[in-house]
Amino acid sequence: MQLVYTHENKILVENARNLLRESGIESTLKNEYAAGAMGDLSPIQTWPELWVAEADYPKAKAIINDLINRPAGEAWYCRQCGEENDASFEVCWHCQAER
Ligand SMILES: [Zn+2]
């Protein structure tokens with residue numbers, strides 16, 4: 001397994017995971033619940049991490065790079081709950097409704 005992406009914001013990590021899944025790449029989320037049990041750990045150690053198989057890593061990394069480098073577009077509003085969502089989100093951060 002290789003670490004392909006990590007971010008302080010779990011929503012962004014889950015968004016990346018969704019993108020990988022759509023491309024047929026299975027990933028494993030680590031530290032998913034760590035943020036709630038931060039304790040003595042430094043914040044960086046509690047960031048959620050996205051891990052993929054070695055064989056999937058190059059493709060996964062390319063997808064993640066595309067995501068990171070995607071130009072910021074217009075924010076959008078969820079039809080279901082009305083929350084504002086970042087342009088890079090594929091689903092609502094609040095209620096997980098499709099864009
Ligand atoms: Zn919503």
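Reader: Which residues of H2 are buried?

Author: In this predicted model, the buried residues of H2 are Ala60, Ile63, Ile64 and Leu67.

Reader: What puts them on the same side of H2?

Author: Their arc around the axis is only 95°, so they sit on the same side of H2. The face turned away from that buried side carries exposed residues, namely Pro58, Asp66 and Asn69.

Reader: What do the buried residues of H2 pack against?

Author: They pack against strand E1 (2–6), helix H1 (10–22) and strand E3 (49–52).

Reader: How do you know that the span of H2 is close to the one expected?

Author: Helix H2 covers residues 57–69, which makes 13 residues. From its first C-alpha to its last it reaches 18 Å, and 18 Å is what one expects at 1.5 Å a residue.

Reader: Let's turn to the strands. What is the order of the strands in the open sheet?

Author: The sheet has three strands in the order E1-E3-E2, and the pairing is antiparallel.

Reader: What makes E1 and E2 stand at the edges?

Author: Each of them has a single partner strand, so one side of E1 and one side of E2 are left without a neighbour in the sheet. On average, neighbouring strands of this sheet are turned by 30° against each other, direction ignored.

Reader: How do you know that E1 and E3 pair?

Author: A pair needs at least two bridges. Thr6 stands opposite Glu49 in E3.

Reader: How many bridges join E2 to E3?

Author: Four bridges join these strands, which run antiparallel. Lys30 has Glu49 in E3 as its bridge partner.

Reader: Where do the helices lie relative to the strands?

Author: H1 lies across E1, E2 and E3, and runs at about 170° to E2. H2 packs on the sheet and touches E1 and E3, with its direction making about 10° with that of E1.

Reader: Where is the place of Asn15, and which residues does Asn15 touch?

Author: Asn15 is in helix H1. Not counting residues up to four places away in sequence, Asn15 touches Leu67, Ser88, Phe89 and Glu90.

Reader: What makes the approach of Asn15 to the backbone nitrogen of Glu90 a polar contact?

Author: The side chain of Asn15 reaches that nitrogen at 3.1 Å, and the cut-off is within 3.5 Å. The distance therefore meets the cut-off.

Reader: Why is Asn85 called buried?

Author: Its relative accessible area is 1%, and the limit is under 20%, so Asn85 counts as buried. Asn85 is in strand E5 (residues 84–85).

Reader: Which backbone nitrogen does the side chain of Asn85 reach?

Author: The side chain of Asn85 reaches the backbone nitrogen of Trp93 at 2.8 Å. Leaving aside neighbours within four places in sequence, Asn85 has contacts that include Ala75, Trp76 and Cys78.

Reader: How many helices and strands does the protein chain have?

Author: The protein chain has two helices and five strands, running β-α-β-β-α-β-β from the N terminus on. Of its 99 residues, 31% count as buried.

Terms used: Residues are numbered from 1 along each chain as its sequence is written. This is a predicted model: local features need pLDDT of at least 70, side-chain atom pairs count only at pLDDT 80 or more; totals for chains, interfaces and linings use all residues. Side-chain values use heavy atoms; hydrogens and water are left out. The expected span of a helix is 1.5 Å times one less than its number of residues. Buried means under 20% relative accessible area, exposed over 50%, partly exposed in between (1.4 Å probe, protein chains only). The arc is that of the directions from the helix axis to the C-beta atoms. Contact means heavy atoms within 4.5 Å. Axes are lines fitted to C-alpha atoms, for helices over the stretch in contact, and angles run from 0 to 180 degrees between N-to-C directions. A polar contact is a pair of N or O atoms within 3.5 Å; within protein, one must be able to donate a hydrogen and the other to accept it, and residues adjacent in sequence count only if both atoms are side-chain atoms.
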